[in-house]
Amino acid sequence: MNPLQSQRVLSGMRPTGQLHLGHYHGVLRNWVQLQHQYHCFFFVADWHALTTEYENPQTIAPNIWDMVIDWLAVGIDPEIATLFIQSRVPEHAELHLLLSMITPLSWLERVPTYKDQQQKLKDKDLSTYGFLGYPLLQSADILIYKATQVPVGEDQVPHVEITREVARHFNHLYGYESNYESLIDLAIKKMDKKSAKTYQQLRNKFQEQGDSAALVEAKSLVEIQQNLAIQDQERLINYLEGTGKTILPEPQALLTPAARMPGLDGQKMSKSYGNTITLRDSSDQISKKIKTMPTDPARVRRTDPGNPDKCPVWQFHLLYSNDEIKQWVQTGCRSANIGCIDCKQPVIEAMQAELQPIRERGEEYAHKNIVHEIIHEGSIKAQKIAHQTIIEVREAMGLNN
């Protein structure tokens, strides 16, 4: 078994309906690769959609199924990845509530995307706790599965950082058992005398001198002790670092390659700009959209030389064309030896070749009840794991009455 597959990856998307090439190149292609490397949980973030669409909640449900069909069409495999809907696992909401009791308001207010989104979505009233608290709901999404890796772009790293802070704060508040010191003493006594003495010396060396090599050596020493139960090993390792029991592990940001997919107008591809090509557009729709794309505004007539660097079509060539075609475009456009329709044809062919199998698989899933079955089974699997975490959280907080 690949050792990475013991690590959990969690990622989600808001249900916005049928997905487009921006979603594919920015997120989904990466998911397809990750599912073969890690134990992946991919979820529909329908509660997150409510943070901005609370006035139109009726649009969310139909969008869910269009999006899941696209996930399956691009190659997300429910046999190896767990696919589920956030609202079908109520433990997300319970953990969010409990974390909100210990999270300072200032932590949420300083998340960079909070004010950025308020500026971008001025037409919506976002002066709600739901919107302010969505980074904490994201933290609950991650921590409820004890995810070790969260795939994000650089702009989303602050969301992983606040999750790490929240987990650290929770562990500091609730990670110490009432008889913690006596449990540590008992664990040390289970070691042979030489190992116990070495452990104490290495711990002092790390805590007094900050010797990281001593910390590594002490951890290795604990891990090879055959007389120690797993709980004892965990306590002793945490004791080295001056922490209690790790109830909610801190996740790591798994930086994904930046892939900015241009829209038909040269801006970032987005439904709000009306410049998208969806994953299930027909061949005719793709051809029509590309052929009617704007080109270099300075090239008014066929005989006018152009500049590919000022043409939105060139951005598609950077993604879809090989070096030979790109050189043909650069030379032909600047000398007016090729027209704009000529230039667009290789893009049309490459895009259709990429989307045809996706469209065919999407059409198959669109007419099958299996999509609902996949989500039902995935939600049950996800809830079993989430419920175990909630039990541990309640016990740590003294709430299991």
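Predicted model: local features only at pLDDT ≥ 70, side-chain atom pairs only at ≥ 80, totals over all residues.
**Entry 1**

Residues are numbered from 1 along each chain as its sequence is written, and side-chain values use heavy atoms, with hydrogens and water left out.

I then searched for aromatic pairs and got eight in the structure (rings of Phe, Tyr and Trp, the last by its six-membered ring, pair if their centres lie within 6.5 Å; planes under 30 degrees apart count as stacked, over 60 as edge-to-face and the rest as tilted). W31 and F42 form a stacked pair, with 4.2 Å centre to centre and 5° between the planes. This pair links distant parts of the chain, W31 in helix 1 and F42 in strand 2 (residues 39-44), eleven residues apart (helices, H or I with at least four residues, and strands, E with at least two, are DSSP runs numbered from the N terminus). W31 is buried, with a relative accessible area of 1%.

**Entry 2: Y180 and Y239**

I checked the rings of Y180 and Y239: the centres are 6.5 Å apart and the planes at 70°, so the pair is edge-to-face. Y180 lies in helix 10 and Y239 in helix 13, so the pair ties together parts that are 59 residues apart in sequence. Y180 counts as buried at 6% relative accessibility, and Y239 counts as buried at 15%. I also found R203 over the face of Y239, at 3.7 Å from the ring centre (a charge sits over a ring if NZ of Lys or CZ of Arg is within 6 Å of the ring centre and within 35 degrees of the ring normal).

**Entry 3: helix 8**

I asked which residues of helix 8 are buried. They are Y134, P135, L136, L137, S139, A140, D141, I142 and L143. That is nine of the ten residues of helix 8 (residues 134-143), so this helix is largely enclosed by the rest of the structure. R14 lies over the face of Y134, at 5.9 Å from the ring centre.

**Entry 4: salt bridges**

My search of the whole structure gave 17 salt bridges (a side-chain nitrogen of Lys or Arg within 4 Å of a carboxyl oxygen of Asp or Glu). In one of them D232 pairs with K190, the closest N and O atoms being 2.7 Å apart. D232 is in helix 13 (residues 230-240) and K190 in the loop between helix 10 (180-189) and helix 11 (193-209), 42 residues apart. D232 counts as buried at 6% relative accessibility, whereas K190 is partly exposed at 39%.

**Entry 5: nonpolar cores**

The largest nonpolar core has 52 residues, and L21, W71 and M351 have the most contacts inside it (a core is a set of buried Ala, Val, Leu, Ile, Met, Phe, Trp, Tyr and Cys residues joined through side-chain atoms within 4.5 Å). Helix 3 (residues 60-74) gives the most to this core, with ten residues. Apart from it I noted another core of 39 residues, among them V89, L132, I247 and L248.

I also looked up L19, which is buried with a relative accessible area of 0%. L19 sits in the loop between strand 1 (8-13) and helix 1 (21-34). Its contacts include M67, D70 and W71 (heavy atoms within 4.5 Å), not counting residues up to four places away in sequence.

Definitions and conventions
Buried < 20%, exposed > 50% of the residue type's maximum accessible area, 1.4 Å probe, protein only.
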